[in-house]
Each structure stands twice: as structure tokens, then as C-alpha cells.
Amino acid sequence: MIDLTLREIAEVTGGKLFLDTAAVTPETVLSGLVQTDSRELEPGQIFVARRGDTQDGYDYIDAAVRAGAALVICEQPSQASVAQVIVADATAALGELAGAVIARLKQLGRLKVIAITGSNGKTTTKNLLAKMLSCAGNTVAAEKSFNNEVGGPLTMLRAQEDTDFLVLEIGASAPGEIANLVRLAQPDYGVVLMVGLAHAGCFGSIEATAQAKQEMVAMLRENAVAVLNAADARVKQMAAHTAARTLYFGDTTGSAYASNIEVTAQGTVFNLHLGAHEERVLFQVLGAHHVNNALAAAAVASECGVDFNSILRVLSSSSRAAKWRMEVTKLPGGITLINDAYNASPDSMEAALKTLAQVSDLQGRSIAVLGEMSELGEFASPAYDKLGVLAVRLRISQLIAVGTNVRRMYISAVNEGAWDGVAAHHFETQDEAFAYLKAELREGDTVLVKSSNVAKLRFLGDKLKEELAS
């Protein structure tokens, strides 16, 4: 975080400053990172005691003080011996503090902010773009999938006076959340990747989801750039709802598009068209659905001054989107494991199944181990039905549905023609699925493991990796 006095922090958060000791004054300057987890806090940092879904940060103020917190932002005074700013809402105060830091950095004229939203692909695009921009200047990017009302501000607060580029993921599970984060971040580039059924249960329909994603471009300033996926009709029409300049990617009308796409087990090969440049590239991140993410990153990087050769190097050297995202492991006995179980939606499930069908060894079997997709609400049942049918039509050798809530996918596969107990299986628990796979897998098999975070199948993938590698 940039240097701010205790008085300034209280002012921008709308809080009241309480000093516990003469060792600090309202003009004492803090510049340490901001944390919401006392376990991650280091001496001199700021602890925001926010109320979470299951825990209250107020209960961890003493732990934060023992860890060396220089300031606590909380909703009621604590007896702890530490400077405190008392606010009405600690989570909102975190956002306002981040917004104030971004505003001050913007005044210096150096920082460029890039914000990325979309139903799928945010983390992949963010990681690729951060690598590209690092070729041109000091870059700060969101860690993991920090994209909500907490993760977004925490990322913003990592920016410093010498930061050239700040790359943010912006997600939402309710209307207005993207708008608020865009207000705080003041993006110079607002990227919309695609609109799909992810979180449709929260928004009520795909149309409502599109409306929420549109908040990204509707909030952009006139001197900003809306970066839109021209291959997605719902995204392309967002150009009519922004005052910003529009930059497209994804089809031949855009500044970045792909041609001659070929999906292989080694990655996706395609011709990258970027402005006046064209070059064939092997993009080692598995799956054709990730090509559009690469195009979005390339379009923004080029606009930010990254040269074409640097963009090519990043695409050619990127072997995975992120941990648990199309993470490919070659195991003894010719078995290939694809662990893609960090997030899942109907769109990404479908794309992953198609990728599995395309890259599987012709001499081996394709095995899809699928778990629950979260936040679909009334859309869950038809989505599971569609995936069960798709697995059969793609001729996936075995569909293994794991968990109570995905039994419908298994039944739909059986009804479509998969043989119960041969080509389709259902297990209530990961342990049951693991025992079956451990005994069943053989040379040449390609195994896809995919689910939403809530199902935790990524750990089943890790367990298979450890067991089969030994």
C-alpha cells in the first residue's frame, strides 16, 4: 500500500480514529499490506476485522495484535492495545480504502488498471495478461481468484507508486457488485470475456447474468477502453452501453483473432492475428476454449505497448492456466490426468468434455470424472441432463459422476445409451470413486477431473496423481 497517515485512513473509510498509546499520532504513516486473515499478517500491516460468512474478524483482533498489526479497522472498539479505526462496515471500508489508494495513484499518471470479467476464463486471462505486461513494466495482479468485494480491494491495495499495470479479476454473484468494484478500481481497460450460465442461479437467468457483466463497460469513463469478445453476441452488444472506446477480439472484426485452430494433446495450435502481425503459435494450455482468453490478453497487452514477440513468448511458454485449471500430468503407464476441478459451469464442463474427446489417446480410453456445479439453482437439473447426454454423444469411454447432486447426470447418460456399470458410474463419495479409478485405470487412459470448488474434486485429482506417480 502507498503511504497514508492514520488520519487519512480514517477519513477515506469514514471511520473514527482511536489511539491507544502516545507512540503513534494521527500523522503516523503506514505503508504495510492490508490483510483480512490474521494468520497471514506480518508486523506493520493493517488488519481489517470484517464479518465473514462463518467467522467474525473481530474475534481475531488479539491474534492480529500479537502478529504485529499496526492498525485494526473494525466495527466496534476493542480492548486490544493497538490503533483502531472504527467503521460502520469493515468490508465496505476495505473497499473505500482501496478506492482512495487507486485514485491517488491515478493522479500520478503512471498506473494503468485492467479489469477482467466474464462467466468463465477470468483467471486464465489475468495470468496470461500479467505475464505479458510484466515485459513492459511493473505489474501487480490478483492472486488466485481474488475477484470479489474482498479480493478485489486487497489486490488494489498492493499497488505502489512504481506500479505500471494493475490486473484485476472482477466477479459477481449479485447485481451491482461489478459496478461497485469498477467504481473503486477506475479501469483504463474493462474486459468482458463471455456470458454463460455460471452463477445463473444467483442472477435468475442468462439475460440477467449478461446485464450484470454489462456493468463493467457501463461504468467505464470516456477515456477508457471496453475490450469485448466479438464472438459472443451478448458481449458484443455491450458496445452500445458504454461511453468508452471499444476494442474487439475473438473474430475477424477484432484486433486479435485466431485461425486454423488445431487441438492436440500437447496444447492448441493456432494462427494468432494481432493487428498487422500473424504467427502460428503452440499454446500449451489445453483446450480450444482457452484460445479466446489468450486473444483477450494479447489484445490488451498490445494496446498497452507490449511488443508482438513478447506476447508470442508468453503464449508459447504458458503450460497451464493455473493450478487445478486444465492441469495436465503425464503419469507412469501412459496415463494422462487432466485436473480441471477448481471451477465449473455448464459452459466450461461442455468445453472440457469436448477437449477430453479431442486429446484422448486413440489406443486408450477417455474417462470423465465429474462433480457438482454450484450456484445454478433451477438451471442445475437441465444442465446435468445435457452433460450426461453430451458425454455419450462425444463417445467418452466412461462417465463417472461423483456426489449426490450429480446422480441425474449419470441417469441421463444411461438413458442416452451408456451402459450402467460399464460406460457410466455413480459414486456418492470421492473415496468410492478413487477406489474404483485406482483399480480400473490402465495404460493409455486419459482422465478428466472437473467440478466446482464446492465439490472439491480437485483433491481427488491430486490424490490420483500422487498414488499413480509412486
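Mentor: Let's start with a definition: axes are lines fitted to C-alpha atoms, for helices over the stretch in contact, and angles run from 0 to 180 degrees between N-to-C directions. Keep in mind that this is a predicted model.

Trainee: Which residues of α6 meet α3?

Mentor: From α3, the contact takes in Gly95, Glu96, Gly99, Ile102 and Lys106. By class, the contact has three nonpolar, two polar and three charged residues. On the α6 side, the residues are Arg183, Leu184 and Ala185.

Trainee: Now for α1 and α3: is their crossing left-handed or right-handed?

Mentor: Helix α1 (residues 6–13) packs against α3 at about 115°, with the axes 8 Å apart. That makes α1 roughly perpendicular to α3. As for its hand, the crossing is right-handed.

Trainee: Turning to the sheet, which strands stand at the edges?

Mentor: Five strands form an open, mixed sheet in the order β2-β7-β6-β5-β4. An edge strand has a single partner, so one side is left without a neighbour in the sheet. The strands in that position are β2 (16–18) and β4 (34–35).

Trainee: And what is the bridge partner of Val34 in β5?

Mentor: β4 pairs with β5 (residues 46–48) in the parallel sense, over two bridges. In β5, the partner of Val34 is Ile46.

Terms used:
Residues numbered from 1 in each chain as written. Predicted model: local features only at pLDDT ≥ 70, side-chain atom pairs only at ≥ 80, totals over all residues. Heavy atoms only, no water. Contact = heavy atoms within 4.5 Å. Helix = DSSP H or I, 4+ residues; strand = E, 2+ residues; numbered from the N terminus. Nonpolar A, V, L, I, M, F, W, Y, C, P; charged D, E, K, R; others polar. Parallel < 35°, antiparallel > 145°, perpendicular 65-115°, else oblique. Left-handed = near helix turned anticlockwise from the far one by under 90°. Pairing = 2+ DSSP bridges.
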